[in-house]
Amino acid sequence: MKAATRTVRLELTEPLRISRSTTAARDAVWLSVEHGGVTGHGEAVTSVYYGLDTATLRRSLTDVSRELCRYPDPAAALESLRAGELAGGATPPAVRAAVEAALLDLAGIRAGRPVHRLLGLPQAPVAATARTIGITSSLDAAAQARALTASGFEVLKLKAGLPDPEEDVERLRVVRDAVPRARLLLDPNGAWTPRQAEALLPRFADLGVEAVEQPVTPGDPEGLAALAERSPLPVIADEDAVGLEDVRRLAGRVHGVNVKLAKCGGVHAALRIAETIAGSGTELMLGCLAASSLGLAPAVHLAGLARWTDLDGHLLLAHDPWTGIGGEDGYVRTSGLPGLGVAPRTVRPERRAAVGAP
């Protein structure tokens, strides 16, 4: 096999403000793996929160590319990846996820089967995705909510966590009045203290919020579990549920865990998490970072397993360099094509780096 990397800039249509930061763009590093004239693709994106800058992603993916050249086919590389040999050690989970995605894409195309079929999931997933509305004015949030529901979105996720929580409550109230039938999720990204959360959650429950993600500062999973036990609405762990061990500690003690492939390490890591929480009372949410359709596609193939689907990262972009998972009508879906089922649009030429031999 041979592999290549490519770096592109993903600009958001408008900056997305959350409680701890504002994002206007990310770099994406694409990995392409070729074998027998067929190429599979994967994507990793930068993230300040997860400590992933462009140089780190490039270096890690280049290192893995050199390793990939030693494997005779994608099946052997996938087996090594799952055993912790390929992309092991200190390799960032987002890089492992991108490598796995490229190998699954390659294996699926070679087999003529979509990735969800390779994973033993017979039904082609179609799921209503949440659409994120960042921290903004109440009037702007309400206008966005009306436009999105008119386009077909049934689930809206509002970011929260302003210094004055009353502003968050008022914004939710205005949005609820604007879209009375929409399902609303709330995500303060860990901005509240336990005391604030105790006081706020009943008020948001009265406004019809369906669930809240990571209401309190991460780092105290016991406190999060205790809050969930008393909460009048479902509590979903996100920043406190990074990988499998975190989820094991929280299974049955929170109402949901937000699984992002970039933080847990990929598709098979997500499947292990789903198996771990099955029957525990904790349900699966599939989340994402702002990324292209290529970056979102692996999670879309798992969407049939999730109670909540929040796979709108590609919809936040001014220009999505890939296509194939839909979402513009409020529903993400697999295309039915082999592999990940995505295809590139025309994009600006960027730097490429190839390693390996045919």
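Proline 165 is buried, its relative accessible area being 15%, where buried means under 20% relative accessible area, exposed over 50% and partly exposed in between, with a 1.4 Å probe and protein chains only. This is a predicted model, in which local features need pLDDT of at least 70 and side-chain atom pairs count only at pLDDT 80 or more, while totals for chains, interfaces and linings use all residues. Residues are numbered from 1 along each chain as its sequence is written, and side-chain values use heavy atoms, with hydrogens and water left out.

Proline 165 lies in helix H6, residues 165–178; helices (H or I, at least four residues) and strands (E, at least two) are DSSP runs numbered from the N terminus. Leaving aside residues up to four places away in sequence, proline 165 touches Gln196 and Leu200, contact meaning heavy atoms within 4.5 Å. Between proline 165 and alanine 197 the C-alpha to C-alpha distance is 9.8 Å, although 32 residues separate them in sequence.

## Helix H11

In helix H11 (residues 267–277) the buried residues are Val267, Ala270, Leu271, Ile273, Ala274 and Ile277. They lie on the same side of H11, because they cover an arc of only 160° around the axis, the arc being that of the directions from the helix axis to the C-beta atoms.

The cover over these buried residues includes helices H3 (93–111), H9 (244–250), H10 (261–264) and H12 (293–300), together with strands S10 (256–259) and S11 (283–286). After H11 comes glycine 279, which has a positive phi near 80°.

Strand S2 (22–35) runs antiparallel to strand S3 (residues 38–45), and eight bridges join them; two strands pair if DSSP finds at least two bridges between them. S2 and S3 form a hairpin with two residues between them, and in the turn glycine 36 has a positive phi of about 60°. Alanine 28 stands opposite valine 45 in S3.

## The largest pocket

The largest pocket holds about 570 Å³ of space. A pocket is an open set of points on a 1 Å grid over the protein atoms alone, with protein on both sides within 12 Å along at least five of seven lines, and lining residues have an atom within 4 Å of a point. A volume is the space filled by probe spheres set on the points.

The lining has 31 residues, of which Ile18, Arg20, Thr23, Arg26 and Leu289 lie nearest the centre of the pocket. S2 gives the most to this lining, with four residues.

Terms used: On a 1 Å grid over the protein atoms alone, a cavity is a set of points where a 1.4 Å probe fits but cannot get out, and a pocket is an open set with protein on both sides within 12 Å along at least five of seven lines; lining residues have an atom within 4 Å of a point.
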